[in-house]
Amino acid sequence: MAGEDMWAKLGRIDPRILYALLVIVLIIPLFTPVGLPIPVTSQTRKIYEAVEKLPPGSVVVCSMDTSGAAWGENGPQAVAILNHLFQKPLKIVVVGFETDGPMLGQQALLQIEKGEKKYGVDYVNLGFVAGGETARAAFGRDIHKLISKDFLGNSIDKLPIMEKVRNAEDFALFFTFTSLISAVEMYVRQLHAPYKTKVVAAIIGLGVPSVVPYYNAGQVFSILSGSLGAAEYELLTKMPGEGVRLSDALSLSTLLVVACIVVGNIAFLAARTRGKELKR
Amino acid sequence: MSVLKRREIAVFLTALAGIAVIADYFLKVPTINTAVADLLRWGVILASFMLLWGTISMLRVHAEVIRKKTPNQWYYSVWLVFLMVVFVAVSLIGGLAGPSSRWIYDNIYVASSSTYYSMLGFYMISASYRAIRARSGEATLLLVVAVVIMLMNAPVGGAIWEGIPALGKWIVDVPNTAASRGYIIGLAIGAVILGMRTFAGRERGYLG
């Protein structure tokens with residue numbers, strides 16, 4: 001193969017080859033874990049330590065502002081955090097301000113070991129509240145006036161856990177599991193600014209750079225970054241799960257993307273130096 | 001024109017509600033605080049009603065497509081309406097948290113939704129090969145930053161070179177934060193101006 005032809009062919013590689021390579025690098029770690037070390041970031045450790053230091057009986061809210069599409073990243077995060085919360089003597093409130101939220105929250109609740117915690121006494125799923133930012137503001141102000149029944153149809157006034165959960169001043173920590181940067185911004189405006197609520201953004205990896213300015217300004221307490229954040233949290237709680245399993249696939253697929261960028265650019269530059277730009 | 005249709009009334013009510021919500025944020029006046037709490041609940045009730053309205057509207061649109069047997073489209077509408085009716089019926093009979101609606105949701109909706117989202121991975125791998133090219137100095141800088149951030153977000157980044165996570169964190173913390181703050185502040189000022197124009201009745205696009 002002549003040199004010029006080789007670079008031209010490399011530049012026009014069949015995308016199906018790339019797709020096949022991606023499938024292979026995603027499947028291999030499921031059967032043969034590589035086990036690359038997962039360093040724990042200061043942001044993830046901050047969340048873990050905050051949960052550890054919460055006084056018994058503290059109220060932690062987990063808002064599932066996510067969707068089925070983002071559940072691949074938000075799911076492992078939610079399970080890792082809920083596993084930790086359920087090990088502590090805390091009161092856990094699950095709610096959702098996006099339509100999929102409560103169903104996904106319920107899915108996460110079904111996956112975790114609840115120990116002796118009882119529904120309605122130690123934890124509750126309040127279901128979906130429509131209204132976007134308005135609903136979030138109303139939630140922070142007075143939950144009992146906003147929501148009358150939980151996800152299972154029980155009157156929340158009859159649930160013991162809700163006796164001490166009335167508004168945002170009762171929240172020791174507030175988690176949002178989301179793919180939406182706007183959801184985090186709404187909590188900054190409606191919960192952190194008026195009530196100084198500690199908002200933790202458990203967001204998909206793609207959204208992290210947009211949330212960092214709020215974190216650096218102290219408006220977001222901390223950030224759990226995508227499935228890698230879930231893996232870090234699982235290691236801290238010594239309960240490896242989906243996040244750790246996904247981390248090898250994440251590493252190998254990232255390497256493949258970087259390799260594609262490098263090879264694609266070598267082919268492009270080689271063609272350009274020959275005065276022949278490759279067709280895209 | 002009827003007095004009830006006059007736009008001034010809508011503008012006045014909008015301004016009144018908006019100013020009350022802003023006043024509530026800064027003032028501890030029980031009358032305002034209670035009124036605004038009610039306003040927020042009204043907002044939530046309206047949003048819930050709009051969801052129902054949206055569902056009815058969607059059913060009407062698809063019913064029309066089915067009635068006209070629009071080529072290459074009507075059978076998708078039949079499928080959509082069928083699934084909607086099935087899911088609503090199952091949820092009403094067994095409850096939203098019941099095993100049947102859970103099964104449909106977990107095994108059909110979440111699975112297909114995740115699959116659809118995962119397709120992005122294939123577009124990304126193709127784009128990384130064909131589109132991310134060092135065509136100029138700026139493009140090269142973007143390419144290098146993209147690679148560093150990608151490697152930072154995977155354990156393999158630190159394994160390749162331990163400086164990658166630190167470099168990535170610096171990029172996110174410093175240049176990214178600086179640029180983001182610029183547009184966040186710009187957006188906020190724009191929102192304040194838009195709010196003032198709306199209260200003054202000079203912005204009437206929302207009235208339709």
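A residue is taken as buried if 20 or more other C-beta atoms lie within 10 Å of its own, with C-beta atoms placed from the backbone. By this criterion, Val147(B), Val148(B), Ile149(B), Met150(B), Leu151(B) and Met152(B) of α5(B) are buried in the predicted model. The cover over the buried residues of α5(B) is drawn from both chains: it includes α11 (242–273) of chain A, together with α6 and α7 of chain B. The length of α5(B) was also examined.

Confidence was considered for the model and for chain B. The model scores ipTM 0.86 and pTM 0.89. For chain B, the mean pLDDT is 90, and 98% of the residues reach 70 or more. Where pLDDT is low, predicted coordinates should not be read in detail.

The interface between the chains brings 49 residues of chain B into contact with 56 residues of chain A. On the chain B side, at least two residues each are supplied by α2 (30–68), α4 (99–130), α5 (137–152), α6 (155–160) and α7 (163–199). Of the contributors to this side, α4(B) gives the most, with 16 residues. Classified by residue type, the side of chain B that touches chain A comprises 30 nonpolar, 13 polar and six charged residues.

The largest nonpolar core contains 103 residues, among which Cys62(A), Val200(A) and Val211(A) touch the most other members. The largest share of this core, eight residues, is provided by α11(A). The helix α11 of chain A is also part of the cover over the buried residues of α5(B). When residues up to four places away in sequence are not counted, Val211(A) touches Ile181(A), Val184(A), Ala201(A), Ile203(A), Val220(A) and Ile223(A).

Technical notes. Residues are numbered from 1 along each chain as its sequence is written. Chains are lettered from A and ligands numbered from 1 in the order in which they are written. This is a predicted model: local features need pLDDT of at least 70, side-chain atom pairs count only at pLDDT 80 or more; totals for chains, interfaces and linings use all residues. pLDDT is the predictor's confidence in each residue, from 0 to 100. Two residues are in contact if their C-beta atoms, placed from the backbone, lie within 7 Å. Helices (H or I, at least four residues) and strands (E, at least two) are DSSP runs, numbered from the N terminus. Ala, Val, Leu, Ile, Met, Phe, Trp, Tyr, Cys and Pro count as nonpolar, Asp, Glu, Lys and Arg as charged, and the others, Gly among them, as polar. A residue is buried if 20 or more other C-beta atoms lie within 10 Å of its own, exposed if 12 or fewer, and partly exposed in between; C-beta atoms are placed from the backbone. A nonpolar core is a set of buried Ala, Val, Leu, Ile, Met, Phe, Trp, Tyr and Cys residues joined through C-beta atoms within 7 Å.
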